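Hi,

Here is the structure I promised to pass on.

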Amino acid sequence: MNKFKEILYFALGGSFLIHALTLWLGPKYLIWYFTPPVNSGLHCSPSVEWALNQIVKIQLIGAVAGLALGLVLKIVLDFKKSSEEKDQIKNV
């Protein structure tokens, strides 16, 4: 159960960190990279709806990417740890 908790903590930690980063950088990216496909004129509701949908997509992608990054980081650290333990056993 301890191993499962470690994996869960790394996955959620990575997801939280990258999600926080997308919360901060997502709107800036949206302003810099995209132009709304809707001609707003006097009624800006379609443009706002489009922008909010794009922000939600960016945040979800960031959360999933962080989850994957956390899992990969945990796997790499466990691999290094197990290889170091094997080297210590061979040296004994």
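Where does H1 bend, and which proline follows within four residues? The bend is about 40° and sits at leucine 25, with proline 27 as the proline that follows. Bend here is the angle between axes fitted to the seven residues ending at a residue and the seven starting there.

Before you dig in, some housekeeping: this is a predicted model, where local features need pLDDT of at least 70 and side-chain atom pairs count only at pLDDT 80 or more, while totals for chains, interfaces and linings use all residues. Residues are numbered from 1 along each chain as its sequence is written, and side-chain values use heavy atoms, with hydrogens and water left out.

Helices are DSSP runs (H or I, at least four residues), numbered from the N terminus. H1 has 32 residues and reaches 44 Å from first C-alpha to last, close to the 46 Å expected at 1.5 Å a residue; that expected span is 1.5 Å times one less than the number of residues.

Now the salt bridges (a side-chain nitrogen of Lys or Arg within 4 Å of a carboxyl oxygen of Asp or Glu). Searching the whole structure turns up three. Lysine 3 pairs with aspartate 78, closest N and O atoms 2.6 Å apart. Lysine 3 is in helix H1 and aspartate 78 in helix H2, so this pair ties together parts 75 residues apart in sequence. Glutamate 6 forms a salt bridge with lysine 74, also listed with closest N and O atoms 2.6 Å apart. That pair again joins helix H1 to helix H2, so it ties together parts 68 residues apart in sequence. Aspartate 78 and lysine 74 meet as well, at 3.1 Å, N to O, and being four residues apart in helix H2 they are separated by about one helical turn.

On burial (buried is under 20% relative accessible area, exposed over 50%, partly exposed in between; 1.4 Å probe, protein chains only): lysine 74 comes out buried at 7% and aspartate 78 buried at 18%. Lysine 3 is partly exposed at 44%, and glutamate 6 is partly exposed at 28%.

Some contacts too (heavy atoms within 4.5 Å), leaving aside residues up to four places away in sequence. Phenylalanine 10 touches Gly70, Leu73, Lys74 and Leu77. Serine 15, buried at 16%, contacts Ala63, Gly66 and Leu67. Glutamine 59 in helix H2 touches His19, Thr22 and Leu23.

Cheers

Notes: Helices (H or I, at least four residues) and strands (E, at least two) are DSSP runs, numbered from the N terminus.
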